[in-house]
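I opened the model to look up a few local features. My entries follow.

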Amino acid sequence: MTKFIGKSVKRVEDKRFLTGKGKYTDDIVLPEMTYAQILRSPHAHAKILSIDTSEAEALEGVVAVFTGQHIAAAGGFGVPCGWQVDFKNGETMKEPPHPLLVADKVRHVGDGVAMIIAESKEIARDAADLIEVDYEELPAVTDAADAVKAGAPLVHDDVPNNMCFDWELGNPKEEVDAAMASAHHITKLEFTNQRLVANAIEPRSAIGHYEVASDKFTLYTSSQNPHLIRLLLCAFVLGIPEHKVRVVAPDVGGGFGSKIFHYTEEALVIWASREIGRPIKWTAERSESFITDAHGRDHVSKAEMGFDADGNITALRVNTFANLGAYLSSFAPAVPTYLHGTLMQGLYTTPKINVDVTGVFTHTTAVDAYRGAGRPEATYLLERLIDTAALEMGKDPAALRLQNFIPPFDGVNEPGYQTQVALQYDSGNYHAVLERALEMVGYDDFRKEQADAREKGKYLGIGFSTYIEACGIAPSAVVGSLGARAGLYEVGQVRVQPTGKVSVYTGAHSHGQGHETTFAQVVADKLGIPMEDVEIVHGDSESVAFGMGTYGSRSLAVGGSAIIKSIEKVLEKGSKIAAHLLEASAEDLEFGEGKWTVKGTDKSVAFGDVALTAYVPHNYPEGLEPGMDFSSFYDPANFTYPFGAHIAIVEVDKDTGKVELKRFIAVDDVGNVINPMIVDGQIHGGVVQGIGQALFEGAIYNEDGQLVNGTYMDYTMPRADDVPSFEVDRTVTPCPHNPLGVKGAGEAGCIGSTPAVVNAVMDALSPFGIKDIQMPLTSERVWRAINS
C-alpha cells in the first residue's frame, strides 16, 4: 500500500481551478439578486452635517438606500473586536464602537456612509454618485507616534490621546535598565515597520440572503473563517439565533490574513436582505479594497540590545507604537502584543527583556493580521539589531548569532525552553538551520568574492535572518487569559461511508493552502485507503458543525490533529468490529495496509468490509451501536514553534541605487512535512511577500489622511523577474505535543525573508558608512543614502 505522508502529491483541487471550475462568492447568482454599492467617505476625518439621498432613491432600478441613521434607528449595530488587551496598570483597553454605517462622524477615508441597493451594480454605482453629503472636514492624524502627542486630533472623542492600550511584557523595567547600564556595548535602532496592503487576488465579496418562508439567513462570504463570522454576527452584531444563520465560504482566492475578520459589509447585506426581502450581493472594487481591507504591520519602534565584552546578549529593551487604524478589527490588539511582544526572545538566550507596546488609533484603515502577524515585526527588529551590533562590534554576523543561540532541545527528553516573554518553545535545533544555510551559500567563498568585487567597484552584500514563530495558537485557556474572546481549538469529523469511502469535515478553511490534498494524504495514509476515496468538506456551517478557520499556520497542527483524533476513534471501533468478524480479541489485532490482521497469522479483514458491517450490522458485536462517524475537538497543549535561517545575497548599483537580489537561501524547520511540494510552495510565496516589504511595498498616507498610493499604478508589488530561483532546504525537529509532529509552514517565508534582504543591502553599503535605511529600500532611497 502506498504511503502518502511525506510525498509530493500534486494538488487535487488544482484541476478545478485551472479549468475555470472554481466557484467564488462573486460567481454565485441567486434568484431576484440585487447589488449593493457602499458610498464611502472621501475624508479621513469629518462631521456629517447632512445626507440627501432623494435623487438616488428616485433613480430607476434603485431598490433601497440605507444610511447610518437607519442603522442607528434599527439598534445601532456595529462589529466587535475579538481580543482584549489591558493597560499595564490593569485598566481595560479603549474599545469604541465600529458602526456598520457612520451616522455622525467619519474617521478614515473609506468609512461607509450609505449603502445603495439596486437591480444592477452599475445602477447602484450611478445612484451613489447622486447622494449629497455635507461634510465639515476636520484635522487628521495618521502616524501612531504623532497621534499620542498632546494636541493631536482625536479619532474618538472618548479615547484620550488616541491610546487604545499601553501594554508591557517581560522582566521588570528596572532589571532591564540595570542590565543595560552594565552592558559593554549597546546597539540602538529606531525604525518604522511600514504599513502593507494584503492585496489578495480575489477582492472581498458577500451575499446576504434572507428566506422569508423559513425565517433563515444565508451569508456567502470570501472568508478564511466562516464559523467565527457566524458567531460574531449572531452573538454580537445582529442577535440572530445561530440555528437561523448559515455561513458559506466557497472557494476563496487568497487572504493572507485580511479575510479572517468580520467586516461591516457582511453584517450589512444580511440585515438589509431582511429589510428588502431579496438577496443582496456586494463585491469590492480593487480601489475599494485598498481602503477597506484590513492593512498590516505599521509599527514605530525604538529598540536597544545590550552585549557583554564577549559579545553575549545581556538585555533587550523595546518600545513600540502600533497603529491600529480608526477602528479595532477582529484581532487587532493581539498582533502587536501577544503575537509580537511574546516573540522578542527570538532564537537567543537574552536573559533580560522588556517590551512596551502602545496601541494607537489614527485616521487610517484598520490594521490587523497580515501574513506572519506580529512575528515578522518581531523578527525584523531582532535581526536588524543583531546585524547592526555585529557591524558595530566588528564581529561576523553569522558567528554572533551562533554564539547567542539557545542550545538544542527536543521537548521530550528535556523540557521546552522557557522564554522571558511568557512563551515556552516546544523543540528546536537553531544551530542546525543556520549551519546548513551557511553551507548552501558557501559563506567563506562568498566573502572572498565580495572583497574582490569591491576592489572593482561592485557592491555585493550578504544578509542573515534567523527566526522563530508561534503557530497553532492555543490552548484556549491560555489564549483566553491573554485576552482572546473565543476558543482556538479545531473540529474534525470523519464519516466512513458503508462502501469504505471517507468524508472528512473540517473547520479549517482552504484559500490556497491545499487542504483537499494534504488532509486527504493524512487520512488515506492512516486508514490505508486510496486518496481518491477521501472527500474533504469545509467552508459551510451547515455541513461542518463548528470550526475556527485558517490563519496563523494552524490548519495541519490544529485542524489536522482534530482529524487524527477522529481517525483514532474510527480505528478503535473498527477493531471491535474486526475482532468480532475474525473471532479474535481486539488486543490480538494489528492494523496496517488498510486491514486488521490477527497477529502472527494471515487472517485479516479489510477496512471496507468493516465499514460495510458497521452499517449492515447483521453479524455484529453485541451492545455496539451501528455506524462509523466520529467528531473531535482538538485544543492543543501549546503553540507550535517553526524556525529557520534565511540568507540573501544582493548587488547594489551605487550609481542608481538599484538593488538586485542575486540569491536567496531558505532553510526552514516546520516539523514533520506531509507534502514537501506544498510546503516549498508556501515558503516560496512567503519569501516573495517578505521581499516585497523589504524592497517595494508600503502604504503611504499624506497629512490629510489620504492613501496616496491606493492603486496598482502606485503600490508596487514584486514580480517574477524581481526574484531569483529560491534555494530551499529543511531540517526536521518534530513538534512533541501534537500527533502529527507538525509545526506549520504558511508564514515562515514571509517572516524570515524581509530582514535577510535588508541586512544584505546594509552589508553591501557598509563601505559607505550606512547602517540603516527605512523600508522599502527603493532605488531612490538607496541612491539618496549613498549620496548623502
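**Strands and crossover**

I began with a right-handed β-α-β unit made of β27, helix α18 (residues 676-695) and β28. Right-handed here means that, with the strands pointing away from the viewer, the path from the first strand over the helix to the second runs clockwise. Helices (H or I, at least four residues) and strands (E, at least two) are DSSP runs, numbered from the N terminus.

The model is predicted: local features need pLDDT of at least 70, side-chain atom pairs count only at pLDDT 80 or more, and totals for chains, interfaces and linings use all residues. Numbering starts from 1 along each chain as its sequence is written, and side-chain values use heavy atoms, with hydrogens and water left out.

Next I checked the pairing. Strand β27 (residues 659-669) runs parallel to strand β28 (residues 727-730), with four bridges between them; pairing takes at least two DSSP bridges. V667 has D729 in β28 as its bridge partner.

I then looked at the loop between α18 and β28, where Y701 is found. Y701 is buried at 17% relative accessible area (buried is under 20%, exposed over 50%, partly exposed in between, with a 1.4 Å probe and protein chains only). From Y701 to T221 I read 29 Å, C-alpha to C-alpha, across 480 residues of sequence.

**Aromatic pairs**

I found 25 aromatic pairs in the structure. Rings of Phe, Tyr and Trp (its six-membered ring) pair if their centres lie within 6.5 Å; planes under 30 degrees apart are stacked, over 60 edge-to-face, the rest tilted.

I picked F409 and Y430. Their ring centres are 6.2 Å apart and their planes stand at 75°, so this pair is edge-to-face. F409 sits in the loop between α11 (397-404) and β16 (417-418), and Y430 in helix α12 (residues 430-441), so the pair ties together parts 21 residues apart in sequence. F409 is buried at 7%; Y430 is buried at 0%.

I also took Y489 and F546. This pair is tilted, at 6.3 Å centre to centre and 35° between the planes. Both residues are buried.

**Surface patch**

Last, I looked at the nonpolar surface patch of L612, Y615 and V616, with about 230 Å² of accessible area together. Areas come from the Shrake-Rupley method with a 1.4 Å probe; for residues, only the protein chains shown count as cover. Y615 belongs to helix α17 (residues 607-615). Y615 counts as partly exposed, at 32% relative accessibility.

Methods: Patch = residues over 30% accessible without salt bridge, like charges linked within 9 Å, V, L, I, M, F, W, Y side chains within 5 Å. Salt bridge = Lys/Arg side-chain N within 4 Å of Asp/Glu carboxyl O.
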